[in-house]
Amino acid sequence: SVKGVTKPKLTVTTDGKNFIINASDKEKLEKIEFILNGQTYRINLDQKKFEYKYPLSDGENLIEVTVYNTDGLTAVFKAKCTKQ
């Protein structure tokens, strides 16, 4: 049988205090990497759904998130938020 391969889903939102990263995949997520204000973070995963909150710094915050599934496909999401 042929297995359909799909990219993971990824969104990044903010509640004014945190970035909220939401990722999901039909099969399984392998890892998530994010670069926040020049600092790189990596979290290894072994699940279908993942939510993560990360506190905003004062001023401008730039985030770039890449999520990887076990099929080797990725999704990328970039966001910018200014915390007063």
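I began at Asp25, where a polar side-chain atom lies 3.1 Å from the backbone nitrogen of Lys28. The model I am reading is predicted.

**Entry 1: Asp25**

I placed Asp25 first. This residue is found in strand E2, residues 18–36. Is Asp25 buried or exposed? Asp25 counts as buried, because its relative accessibility is 7% and the cut-off for buried is under 20%. Next I listed its contacts, leaving out residues up to four places away in sequence. Asp25 touches Thr6, Lys7, Pro8, Lys48 and Asn69.

**Entry 2: Aromatic pairs**

I then searched the whole structure for aromatic pairs and found six. I looked up Phe34 and Tyr41, which form a stacked pair. Their centres are 4.8 Å apart, with 20 degrees between the planes. Phe34 is buried, at a relative accessible area of 1%. Tyr41 counts as partly exposed, at 25% relative accessibility.

Phe34 also pairs with Tyr52, and I noted this pair as tilted. Here I read 5.8 Å centre to centre and 50 degrees between the planes. Which strands does the pair link? Phe34 is in strand E2 and Tyr52 is in strand E3, residues 39–55. The two are 18 residues apart, so I wrote the pair down as a link between distant parts of the chain. Tyr52 is partly exposed, with a relative accessible area of 27%.

Phe34, Tyr41, Phe50, Tyr52 and Tyr54 form one aromatic cluster.

**Entry 3: A charge over a ring**

I looked up Lys31 next. Its charged end sits over the ring of Tyr68, 4.6 Å from the ring centre.

**Entry 4: The nonpolar core**

Last, I turned to the largest nonpolar core, which has 20 residues. Which of them touch the most other members? I noted Leu10, Phe19, Ile21, Ile32, Phe34, Ile63 and Val65. E2 gives the most, with seven residues. In soluble globular proteins, nonpolar side chains tend to be buried together.

Leaving out residues up to four places away in sequence, Ile63 touches Val12, Phe19, Ile21, Phe34, Ile35, Leu36, Phe77, Lys78 and Ala79. Phe34 turns up again here, as a contact of Ile63 and as a member of the aromatic cluster.

Technical notes
Residues numbered from 1 in each chain as written. Predicted model: local features only at pLDDT ≥ 70, side-chain atom pairs only at ≥ 80, totals over all residues. Heavy atoms only, no water. Helix = DSSP H or I, 4+ residues; strand = E, 2+ residues; numbered from the N terminus. Buried < 20%, exposed > 50% of the residue type's maximum accessible area, 1.4 Å probe, protein only. Polar contact = N/O pair within 3.5 Å; in protein donor to acceptor, adjacent residues only side chain to side chain. Contact = heavy atoms within 4.5 Å. Phe/Tyr/Trp six-rings, centres within 6.5 Å; stacked < 30°, edge-to-face > 60°. Lys NZ or Arg CZ within 6 Å of the ring centre and 35° of its normal. Core = buried A, V, L, I, M, F, W, Y, C linked by side-chain atoms within 4.5 Å.
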